[in-house]
Amino acid sequence: MSVSSANPASSNGAVPGIPVIDVGPFIRNETGASAVVKAIETACRDTGFFLVTGHGVSPDVTSRLYNLARAFFDFPQDWKKTIGRGTGVIGGVSFSPIAEEALAATLGLKTPGDYKESLNFGESLPGDAWPDRPDGLEQAFRDYFREMEKLSKHMRRIFCQAIGLDQDYFEPSFENHLSALRVINYPEQSEAPLPGQLRAGVHTDYGFMTILRSEASPGGLQVRNRNGEWLDAPSIEGAYVINIADAFMRWTNDEWVSTPHRVANPPSGFKGTARRQSIPFFLNPSKDTVIECLKPFIKDGAKYEPIAYGEYIDLKTRQAFSKG
């Protein structure tokens, strides 16, 4: 097991506070598994962000989804806006056009809509009929969703061991889970963004955790550490960025942190290509799961009243789309 975080210029791209952790020993039950657990626990307490390698996710499944989604985003905007606008199909697709969503609103900030567009899917979530082009798009989403379910189960077991819970403690909460898979296109910015407009405004994620397949580009993911400094998240080929989200932080009585992050604009005057595509998987529990302080974190008392996850996510979603 290797962990790197000391040097922002190190060969593997690690930056202070955002370690790169090889989870292979834990997944394979090898020597070094306990060191994986300790490294991830430390990251969850310090910044809530880390990268994982040795995860076993299929690169072929990943590249197929990436390429087919990119082909979809290359179609004309007028046609894309006719796709995924309904909610009558469970396990259907939804499409969010450029600037429709403003993530900073979830933190009470008023900004223009984010300069991105996205395709969204969840096996238990409402959407619309899948488009007939590009061929294979739906299956690519479903195959990648399976890969993320496998990795997320490994991560839940790591978390349980770090907390001191039975390794399957969280599993009942993820039956009929409300997880969402999103492919985001950040187009070239041929015109200057509006004042206050980012590719993705500052926000925290809502659910249990996020597993992100990102790529290097001018204008990328930035993470705010506890000192208020913005760190550029490293981009390492084949690695996944993982972060703790709000519901999980609430479960830990705020001891594990859900950290604000954003996607910056390309530098002003940048002349090369700045198009960027990312694939986040938002792991969310089932609607009826009660989020309440876990016993190992109660200590001087729970900070929050128990709440059903369905209620919690509805509030956050309304804020993001300025509906409440």
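Okay, a bit of housekeeping. The model is predicted, so local features need pLDDT of at least 70, side-chain atom pairs count only at pLDDT 80 or more, and totals for chains, interfaces and linings use all residues. Residues are numbered from 1 along each chain as its sequence is written, and side-chain values use heavy atoms, with hydrogens and water left out.

Let's start with the whole thing. We've got seven helices and 17 strands in the chain; those are DSSP runs, H or I over at least four residues for helices, E over at least two for strands, numbered from the N terminus. What box do the C-alpha atoms fill? Roughly 55 × 45 × 40 Å, along the principal axes.

Now, burial. Of the 324 residues, 55% count as buried, meaning under 20% relative accessible area with a 1.4 Å probe, protein chains only. As for contacts, that is, heavy atoms within 4.5 Å, take the ones between residues at least 6 apart in sequence: 76% of them join residues at least 24 apart.

You'll find V202 in strand β9, residues 200–203. Is V202 buried or exposed? Its relative accessible area is 12%, so V202 is buried. And who's around it? Leaving aside neighbours within four places in sequence, V202 is in contact with L103, A104, L107, L109, R224, W230, P260, H261 and R262. V61, on the other hand, sits 30 Å from V202 in space, C-alpha to C-alpha, and 141 residues away in sequence.

Note on methods: Buried means under 20% relative accessible area, exposed over 50%, partly exposed in between (1.4 Å probe, protein chains only).
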